[in-house]
Amino acid sequence: MNDVLLPFFAAILGGALRVGVPFLFVSLGECLTEKSGRINLGLEGVLVLSAMAGFGGSYLSGSAWIGVLVAAAAGALLALLHGLLCSLPRVNDVATGIALMLLGTGLAFYLGKPLIQPQAPQLPPLALGNWSESSVLQAALQVNPLLPLGIVLAVLLYLGFARTRWGLLVRLAGDSAAATKALGYSVNSIRIAATAAGGAIAGLGGASLTLFYPGSWNEGISSGQGLIAVALVIFARWSPLRCVGAALLFGGAGAIGPALQSIGISQGYYLFGGVPYVLTLVILVFTCKPGAVAKGSPGELSSVK
Amino acid sequence: MRDSVANIALPVGALIAALLLFGFFVWLGGVSPVETWVLLFKGAFGDWFSWQNTLQRAAPLMLTALCVALPARAGLVIIGGEGALVLGALAAAALPYAVPVPHNIVGTVMVCVAGMLAGGAWIALAGALRQYRGVNETISSLLLAYTAIAIFKQLVEGPLRDPATLNKPSTRSLAEGILIGGIGGSDVHWGLVLGVIACLGLGLWLAVTASGFSVRVVGGNPRTAQLVGLPATRLILLACALGGACAGLAGAVEVAAVHTNANASLIAGYGYAGILVAFIARQNPIAIIPVAILFGGFGAAGSLLQRRLDLPDASVQVLQGIAFVLILASEALRNLDWAALGQKLKRSSGPVASASGETAA
């Protein structure tokens with residue numbers, strides 16, 4: 001019994017810690033963007049483009065950490081474009097997000113063509129499982145070094161929103177554009193800055209896709225994590241701390257299929273691949289209410305009205 | 001009048017700008033932009049062979065664009081047309097497993113209807129989730145699309161798989177009599193006619209019928225719709241179901257006219273390209289026809305760019321992305337006061353022009 005259950009749960013845990021990392025960064029990035037009153041569906045494009053850029057940066061420079069920086073910069077640039085476009089009059093943020101999703105993935109596939117074959121230097125795993133006797137548990141606890149960074153970032157964002165002047169300004173722009181203007185601040189500048197910073201954070205998620213196990217760049221690298229992030233933020237009720245839990249939950253859900261396969265059950269492999277999407281949908285069905293604004297949502301957000 | 005000029009001038013201008021920017025982009029990679037433009041045109045509309053390829057791709061684009069445009073006219077942003085297409089294809093290919101399908105035109109109609117029902121139900125589900133549960137339809141339709149793809153892969157690689165297909169898991173092929181053939185012996189199949197009829201028919205429906213008009217009221221001004229007592233939920237579900245049925249039909253036609261069975265190459269991104277087509281056509285079903293042909297052409301030219309200039313196959317996707325961004329950005333120019341801007345330019349350039357001895361006309 002134990003011979004089957006332990007590997008199964010170790011695989012789920014390992015999957016949650018591995019697959020959850022990109023979810024964590026993208027949802028933190030989306031959270032910051034939405035707090036300022038805009039929605040960025042283009043984070044899917046940001047994720048794919050930064051995954052490619054991070055891999056390319058690591059390959060060309062020989063250092064995975066430079067790759068991480070390149071990924072964040074690429075993410076910030078594409079998100080900055082989103083921020084600027086949405087500041088134009090009569091330009092809708094949902095439609096712009098869809099456009100940037102197409103543009104980001106297109107650019108990534110175009111520029112990343114030569115990167116499909118080579119191997120790039122990878123981030124060294126943190127071995128958190130050395131206390132355990134079990135080799136499967138040790139393998140499962142080979143953690144992505146960006147995961148602690150993500151958790152620190154979540155705490156910082158939480159404290160930032162609660163305690164700092166900058167955080168207050170972002171929340172102000174998200175809750176009432178009129179009040180922000182009345183206080184003499186530019187709503188657009190705040191939102192552009194928050195969107196770009198959110199893109200940089202999401203870019204770290206891209207880096208964790210290509211610079212950690214299994215660690216290669218290909219055109220199927222993302223399967224909608226950037227979009228699921230939008231739903232995750234609703235689920236996390238716009239709290240950076242709750243984003244951590246939500247991201248790990250989704251990582252675990254996505255790991256059910258591979259975990260079952262690792263103990264010899266390959267029935268329904270593709271169906272289990274669909275679990276995160278169905279789970280997101282079910283959560284949305286239960287957390288949304290018709291005609292009511294979601295709890296904790298920024299007042300200026302168009303998507304939740 | 002001014003409005004309709006802007007409706008055509010803005011997208012056309014944005015498309016031209018997108019082609020220029022794309023030329024600049026490939027030039028950065030050391031490829032001649034002029035050659036790229038020429039090949040784009042040749043590969044899309046250069047000869048009869050290119051035209052056939054273009055029209056073959058335009059057919060599903062028209063139908064998936066309708067899956068965005070019809071809900072959009074009712075006020076919903078649906079981007080999960082890919083899911084409806086995939087499920088439509090699956091339903092069409094799976095129908096002969098479930099019921100006996102005659103090997104003639106009746107069978108063709110039956111598989112097409114199966115595809116339409118599957119696609120329509122899928123998108124109507126996104127509409128229903130919004131109306132009854134307040135779930136954002138943009139996100140739910142996309143999640144439904146990914147779910148549909150998971151179901152598709154599971155069934156095609158599992159219970160519906162034809163054991164004879166080893167390398168590329170597929171369902172059993174449809175019988176010869178059910179397949180949709182080419183028009184007059186060409187490679188252009190009757191799916192194109194279905195696409196054009198759907199665009200024209202649904203365009204007329206929106207323009208002249210009472211229910212079509214009601215849908216536009218619900219989308220354009222929900223408050224008014226409520227005041228005059230329109231059944232908003234029913235109309236929204238109708239628009240979603242019709243749009244989804246179109247995308248499902250696209251999937252069924254891809255199976256019956258192109259692939260003969262359901263396999264993973266059906267998931268080719270027609271659903272996503274359809275979003276772009278619908279936005280450029282400003283959600284107008286009749287305008288979708290030329291836009292779909294244009295973008296079908298770009299898709300057809302992609303392989304020529306790849307062969308002749310060694311550009312990556314994603315270059316068409318980059319062009320689409322640039323075009324989409326510029327089309328949206330061009331909306332910002334809509335309310336610009338062109339006359340005042342002209343005056344201002346004239347005034348500011350006046351002294352320079354006279355200094356160089358030219359007349360500032």
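Helices here are DSSP runs of H or I with at least four residues, numbered from the N terminus. This is a predicted model: local features need pLDDT of at least 70, side-chain atom pairs count only at pLDDT 80 or more, and totals for chains, interfaces and linings use all residues. Residues are numbered from 1 along each chain as its sequence is written, and chains are lettered from A in the order in which they are written.

Start in chain A. Helix 2 of chain A covers residues 43-61. Its length can be checked, because the expected span of a helix is 1.5 Å times one less than its number of residues. Helix 2 of chain A is mostly covered, with 16 of its 19 residues buried. A residue is buried if 20 or more other C-beta atoms lie within 10 Å of its own, exposed if 12 or fewer, and partly exposed in between, with C-beta atoms placed from the backbone. After helix 2 of chain A comes A:G62, with a positive phi near 85°.

Now take a helix pair. Two packed helices are described by the angle between their axes and the distance between the axes. Axes are lines fitted to C-alpha atoms, for helices over the stretch in contact, and angles run from 0 to 180 degrees between N-to-C directions. In chain A, the axes of helix 3 (residues 64-87) and helix 4 (residues 93-111) come within 10 Å and cross at roughly 150°. That makes helix 3 of chain A roughly antiparallel to helix 4 of chain A. The classes are roughly parallel under 35 degrees, roughly antiparallel over 145, roughly perpendicular from 65 to 115, and oblique for the rest. The crossing of helix 3 of chain A and helix 4 of chain A is right-handed; in that case the near helix is turned clockwise from the far one by less than a right angle.

Which residues of helix 3 of chain A meet helix 4 of chain A? They are A:L78, A:L81, A:H82, A:L85 and A:C86, facing A:D93, A:T96, A:G97, A:L100 and A:G104. Contact means that the C-beta atoms, placed from the backbone, lie within 7 Å. By class, this contact of helix 3 with helix 4 of chain A has five nonpolar, four polar and one charged. Ala, Val, Leu, Ile, Met, Phe, Trp, Tyr, Cys and Pro count as nonpolar, Asp, Glu, Lys and Arg as charged, and the others, Gly among them, as polar.

Further along chain A, A:R237 sits in the loop between helix 10 (225-235) and helix 11 (240-254). A:R237 has a positive phi of about 45° although it is not a glycine. Most residues other than glycine have a negative phi. A:R237 counts as partly exposed because it has 15 C-beta neighbours inside 10 Å.

Turn to chain B. B:G29 lies in the loop between helix 1 (2-28) and helix 2 (33-45) of chain B. With 13 C-beta neighbours inside 10 Å, B:G29 is partly exposed. The C-alpha atoms of B:G29 and B:L311 are separated by 9.2 Å, although the two are 282 residues apart along the chain.

Helix 3 of chain B has 26 residues, which should span 38 Å; its end C-alpha atoms are 36 Å apart, which agrees. Of those 26 residues, 21 are buried. Just after helix 3 of chain B, B:G75 takes a positive phi of about 95°.

How do helix 3 (residues 48-73) and helix 11 (residues 270-280) of chain B cross? Their axes come within 7 Å, at roughly 60°. That makes helix 3 of chain B oblique to helix 11 of chain B. The crossing of these two helices of chain B is right-handed. Among the residues that meet are B:P60, B:L61 and B:T64 in helix 3 of chain B and B:Y270, B:G271 and B:A273 in helix 11 of chain B. The contact of helix 3 with helix 11 of chain B has 12 nonpolar, three polar and no charged residues.

B:R282 is in the loop between helix 11 and helix 12 (285-309) of chain B. Its phi is positive, near 55°.

Last, the two chains meet. The contact takes 39 residues from chain B and 42 residues from chain A. On chain B, helix 5 (105-133), helix 6 (137-157), helix 11 and helix 13 (315-330) each supply at least two residues. Helix 6 of chain B gives the largest share, 12 residues.

Conventions: Two residues are in contact if their C-beta atoms, placed from the backbone, lie within 7 Å.
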